[in-house]
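Trainee: Please take a close look at one part, the aromatic side chains. A plain account will do.

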Amino acid sequence: RSLYKDATPDTIRYGDILTYELTLFGPGLPASFLDPLPPQLRFVPGSLTSTLTPIATYDSAAHAVYWAGTLPLTTSATLSFQVTLATTSTLDTLPPILNTAWLIDTLNQHSVKAFAITNARHFYLPLIMAHTD
């Protein structure tokens, strides 16, 4: 089992749309997938697409994307959905948003997780050069 997650774009502000794309691999065994959304994000209705059978769903009470079924044996499955920021902010830069998803082997109760960080800070180390004659 493996799970990969990507978020685009890397930074968002109020009104922007953030797209999460996930790729799930499995050995053809029963599994479940859970992606609880951070409280500052709002799910965009109608944005969930998936190659999984049955189709994944968004549970508004749990504020999470959920799926349970059997992963394909020889191919990967994909899932994507969109979110927006739920609140406005007067800050020029918003704090980082960490979103974690889990893929669980329901027979053995083993799990893998993948996460995506949006609005992360970029740090650049100084480059020191010495000029010698």
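Mentor: A residue is called buried under 20% relative accessible area, exposed over 50% and partly exposed in between (1.4 Å probe, protein chains only). The model is predicted, so local features need pLDDT of at least 70 and side-chain atom pairs pLDDT 80 or more, while totals for chains, interfaces and linings use all residues. Residues are numbered from 1 along each chain as its sequence is written, and side-chain values use heavy atoms, leaving out hydrogens and water.

There are four aromatic pairs (ring centres of Phe, Tyr or the six-membered ring of Trp within 6.5 Å; planes under 30 degrees apart are stacked, over 60 edge-to-face, the rest tilted). One of them joins Tyr 4 and Phe 25: with centres 5.8 Å apart and planes at 85 degrees, the pair is edge-to-face. Tyr 4 is in strand S1 and Phe 25 in strand S2 (residues 17-25), 21 residues apart (strands are DSSP runs of E, at least two residues, numbered from the N terminus). At 52%, Tyr 4 is exposed, whereas Phe 25, at 32%, is partly exposed.

Phe 43 and Tyr 58 are stacked, because their centres are 4.1 Å apart and their planes are at 5 degrees. This pair connects strand S4 (residues 41-43) with strand S6 (residues 57-59), across 15 residues. Phe 43 is buried at 11%; Tyr 58 is partly exposed at 24%.

Ring pairs also link Phe 43 and Tyr 58 with Tyr 20 and Phe 81 in a cluster. Over the ring of Tyr 20 sits the charged end of Lys 5, 4.5 Å from the ring centre (NZ of Lys or CZ of Arg within 6 Å of the centre and within 35 degrees of the ring normal).

Terms used. Helix = DSSP H or I, 4+ residues; strand = E, 2+ residues; numbered from the N terminus.
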